[in-house]
Amino acid sequence: MDSNCENNILLILDLDETLIHATKDPLDTEPDFQYADYFVYLRPNLSPFLKTVNEKFKLAIWSSADDKYVEDIISRIKPSEIEFQFIWGRSRCTYRRDYDLDEYVYEKRLKKVKKQGFKLEQILIIDDSPNKTRDNYGNAIYVHPFEGDSKDNELLVLMEFLALIQDSANVRNVEKRGWRNKVT
């Protein structure tokens, strides 16, 4: 799918703890909706964030959660005017052992996105889990995990940072560590 934006940068968004928080134990606030046994809370400013970045970036979703879950949740949270380049779940991840953590993880390897015709220099992946994107840290922006805090403003700050780098010819050359400190 082609986005209406003029920019070639593909912004890949994680789902759980990045855009939403889904939990079997309800929080003290009312959930935005329920999905199966999960209470789902949308990260504050999600819809304005998606609409704003959609104007400047191509958008995609990539989660390590079950494929059907990802598709069902996205169908509930996606503004109607947004068309994602792709929506991927666990089946597109690589299951590998993380020796540092001594556990297995579902890793998101951007070479799979590259095979879809996207250039690594023009891919940003937004995730709360560095261990899922560790082979592509030059493309990653790490956000604080969202766990239902209604006062969370991470997406607003991220939107500001993305505006600063939206015209980058090579996002891998952009310093992304400490990105929150680069916005006003």
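Author: Start with helix α1. Its buried residues are L46, F49, L50, V53 and N54. Look down the axis of α1: these buried residues fall within an arc of 120 degrees, so they line one face of the helix. An α-helix has 3.6 residues a turn, so residues three or four places apart point the same way. One caution before we go on: this is a predicted model.

What covers that face? The cover over the buried residues of α1 includes β1 (10-13), β4, β5, α2 and α4. Two helices are on that list, α2 and α4. Take α2 next.

Helix α2 spans residues 67-77, and Y69, V70, I73, I74 and I77 are buried in it. Down the axis of α2, the buried residues lie within an arc of 125 degrees, so they too line one face of their helix. Now turn to the face pointing away from that buried side. There you find K68 and S75, which are exposed. Here, exposed means over 50% relative accessible area, and buried means under 20%.

The buried residues of α2 have several packing partners. Among the strands are β2 (20-23), β3 (33-35), β4 (38-42), β5 (58-62) and β6 (87-88). Helix α1 (46-54) is a partner as well. Check the start of α2 too. D66 caps the N-terminal end, with a side-chain oxygen 3.1 Å from the backbone nitrogen of K68.

Y69 belongs to a cluster, linked with Y35 and Y38 through ring pairs. R76 lies over the face of F33, 4.1 Å from the ring centre.

Now the sheet. It is open, and five strands form it in the order β6-β5-β1-β9-β10, with parallel pairing. β6 and β10 (140-142) stand at the edges with a single partner strand each, so one side of each has no neighbour in the sheet. Focus on the β6 end. Strands β5 and β6 run parallel, joined by two bridges. I61 has I87 of β6 as its bridge partner.

The whole structure holds seven aromatic pairs. One of them is W62 with W88, an edge-to-face pair at 5.0 Å centre to centre, with 90 degrees between the planes. W62 lies in β5 and W88 in β6, so the pair ties together parts that are 26 residues apart in sequence. Both W62 and W88 are buried.

Compare another pair, Y95 and Y106. This one is tilted: 4.7 Å centre to centre, with 40 degrees between the planes. Y95 lies in strand β7 (residues 94-98) and Y106 in strand β8 (residues 103-107), so parts 11 residues apart in sequence are tied together. Y106 is partly exposed, at 28% relative accessible area. The charged end of R90 sits over the Y106 ring, 4.7 Å from its centre.

Last, go back to α4, part of the cover over α1. Helix α4 covers residues 154-165, and E154 is in it. Is E154 buried or exposed? E154 is buried, because its relative accessible area is 5%, and the cut-off for buried is under 20%. Leaving out residues up to four places away in sequence, E154 touches R43, V143, H144, W179 and R180.

Terms used: Residues are numbered from 1 along each chain as its sequence is written. This is a predicted model: local features need pLDDT of at least 70, side-chain atom pairs count only at pLDDT 80 or more; totals for chains, interfaces and linings use all residues. Side-chain values use heavy atoms; hydrogens and water are left out. Buried means under 20% relative accessible area, exposed over 50%, partly exposed in between (1.4 Å probe, protein chains only). Helices (H or I, at least four residues) and strands (E, at least two) are DSSP runs, numbered from the N terminus. The arc is that of the directions from the helix axis to the C-beta atoms. Contact means heavy atoms within 4.5 Å. A polar contact is a pair of N or O atoms within 3.5 Å; within protein, one must be able to donate a hydrogen and the other to accept it, and residues adjacent in sequence count only if both atoms are side-chain atoms. Rings of Phe, Tyr and Trp (its six-membered ring) pair if their centres lie within 6.5 Å; planes under 30 degrees apart count as stacked, over 60 as edge-to-face and the rest as tilted. A charge sits over a ring if NZ of Lys or CZ of Arg is within 6 Å of the ring centre and within 35 degrees of the ring normal. Two strands pair if DSSP finds at least two bridges between them.
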